[in-house]
Amino acid sequence: MDNDVSAGSTTTIVGRLALGVTLLAFGVGHTGVVDGVTAADAVTVAQYVGGVALFVAGLLALRDRDTASGTAFTVLGALWFTWAVSVGGQVSANAAGLFLLLFALVALSLTFAGGDLLGQGMYGLLCVSLLLLSIAAFADAGALGKAGGWFAVAAGVVAWYAATAVLAHWPTGVSRRAAGRGVTATG
């Protein structure tokens, strides 16, 4: 690992912490790993931390001309707020699946938008999570929903690490040598 730690803007740190907490609560609820805890129990966290706080962090990032974080956080803030106010509503499984599929496409766009490896990994895991949850909603497949929950947990851990690493001065990148660059083949 590189010992270089990017400075990271304050809004990016706050946004990643908010996203991490929200993904962890949402993901753990879908996994069923904690007895009696469901995804619906994450509604308050999703609405206020994932929805409001993340959206505000996105607006502040846009004000600071950080379009990558600003776009990601405002869009994901809208996702979490919409999800939170919709849980328990009278929507069909297909409508819920379509909602998750559309936001999986947003997460895919964020993954391909570039940025640091932790950010790309975080959005990539979120994309897989939302895709699995979407398919689970369409097909009424509980096992896929649990798998989607685990991917959300993984994305939450990456988001938490990405924010905490900047604050704690932990490594945030992989060295060129570890990534396979700069290594020559002999033979």
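Reader: How do the residues lining the second largest pocket divide into nonpolar, polar and charged?
Author: Happy to start there, with the note that this is a predicted model. The lining of the second largest pocket holds 24 residues. By class they divide into 10 nonpolar, 11 polar and three charged.

Reader: Which residues lie closest to the centre of that second largest pocket?
Author: The second largest pocket has a volume of about 340 Å³. α1 (10-31), α3, α5 and α6 each supply at least two residues of its lining. Closest to the centre of the second largest pocket are Thr12, Arg16, Ser69, Gly115 and Asp116.

Reader: Now for the largest pocket: what is its volume?
Author: The largest pocket is lined by 22 residues, and His30, Trp83, Ala96, Leu100 and Ala137 are the ones nearest its centre. By class, that lining has 13 nonpolar, seven polar and two charged residues. The volume of the largest pocket is about 590 Å³.

Reader: Which helix gives the largest share of the lining of the largest pocket?
Author: Of the lining residues, 22 in number, two or more come from each of α3 (67-86), α4 (93-112), α5 (117-139) and α6 (142-168). The largest share is five residues, and the helix that gives them is α4.

Reader: Let's step back to the fold. What pattern does the chain follow along the sequence?
Author: The secondary structure comes to six helices and zero strands. Read along the sequence, then, the pattern is α-α-α-α-α-α.

Reader: Of the contacts with a separation of 6 or more, what percentage is between residues 24 or more positions apart?
Author: The chain has 187 residues, and 39% of them are buried. For contacts in the chain with a separation of 6 or more, residues 24 or more positions apart account for 70%.

Reader: Is threonine 11 buried or exposed?
Author: Threonine 11 sits in helix α1. Leaving aside neighbours within four places in sequence, threonine 11 is in contact with Ala57, Leu60, Ala61, Asp64 and Phe73. Its relative accessible area is 10%, and buried means under 20%, so threonine 11 is buried.

Reader: Which residue's side chain makes a polar contact with the side chain of threonine 11?
Author: The contact joins the two side chains at 3.2 Å. The partner of threonine 11 is serine 9.

Reader: How about threonine 164: which residues does it touch, not counting those up to four places away in sequence?
Author: Threonine 164 lies in helix α6. At 15% relative accessibility, threonine 164 counts as buried, because the limit for that class is under 20%. Not counting residues up to four places away in sequence, threonine 164 touches Leu17 and Trp170.

Reader: Which residues do ring pairs link into a cluster?
Author: The count of aromatic pairs comes to six. Ring pairs link a cluster made of Phe26, Trp80 and Trp83.

Reader: How far apart in space are leucine 59 and phenylalanine 73, C-alpha to C-alpha?
Author: Leucine 59 is placed in helix α2 (residues 43-63). With a relative accessible area of 44%, leucine 59 is partly exposed. Leucine 59 and phenylalanine 73 are 14 residues apart in sequence, and in space their C-alpha to C-alpha distance is 8.0 Å.

Reader: And how far apart in space are tyrosine 48 and phenylalanine 81, C-alpha to C-alpha?
Author: Tyrosine 48 also has its place in helix α2. At 48% relative accessibility, tyrosine 48 counts as partly exposed. Tyrosine 48 and phenylalanine 81 are 33 residues apart in sequence, while the C-alpha to C-alpha distance in space is 7.5 Å.

Reader: Where is aspartate 140, which has a positive phi, placed in the chain?
Author: Aspartate 140 has a phi of about 50° although it is not a glycine. With a relative accessible area of 71%, aspartate 140 is exposed, because exposed means over 50%. Its place is in the loop between α5 and α6.

Reader: Histidine 169 has a positive phi too; what is its value?
Author: Histidine 169 is found in the segment after α6. With a relative accessible area of 65%, histidine 169 is exposed. Histidine 169 is not a glycine, yet its positive phi is about 60°.

How values were computed
Residues numbered from 1 in each chain as written. Predicted model: local features only at pLDDT ≥ 70, side-chain atom pairs only at ≥ 80, totals over all residues. Heavy atoms only, no water. 1 Å grid on protein atoms, 1.4 Å probe; cavity = no way out; pocket = protein on both sides within 12 Å on 5 of 7 lines; lining within 4 Å. Points joined across faces, edges and corners; volume = space filled by probe spheres on them. Helix = DSSP H or I, 4+ residues; strand = E, 2+ residues; numbered from the N terminus. Nonpolar A, V, L, I, M, F, W, Y, C, P; charged D, E, K, R; others polar. Buried < 20%, exposed > 50% of the residue type's maximum accessible area, 1.4 Å probe, protein only. Contact = heavy atoms within 4.5 Å. Phe/Tyr/Trp six-rings, centres within 6.5 Å; stacked < 30°, edge-to-face > 60°. Polar contact = N/O pair within 3.5 Å; in protein donor to acceptor, adjacent residues only side chain to side chain.
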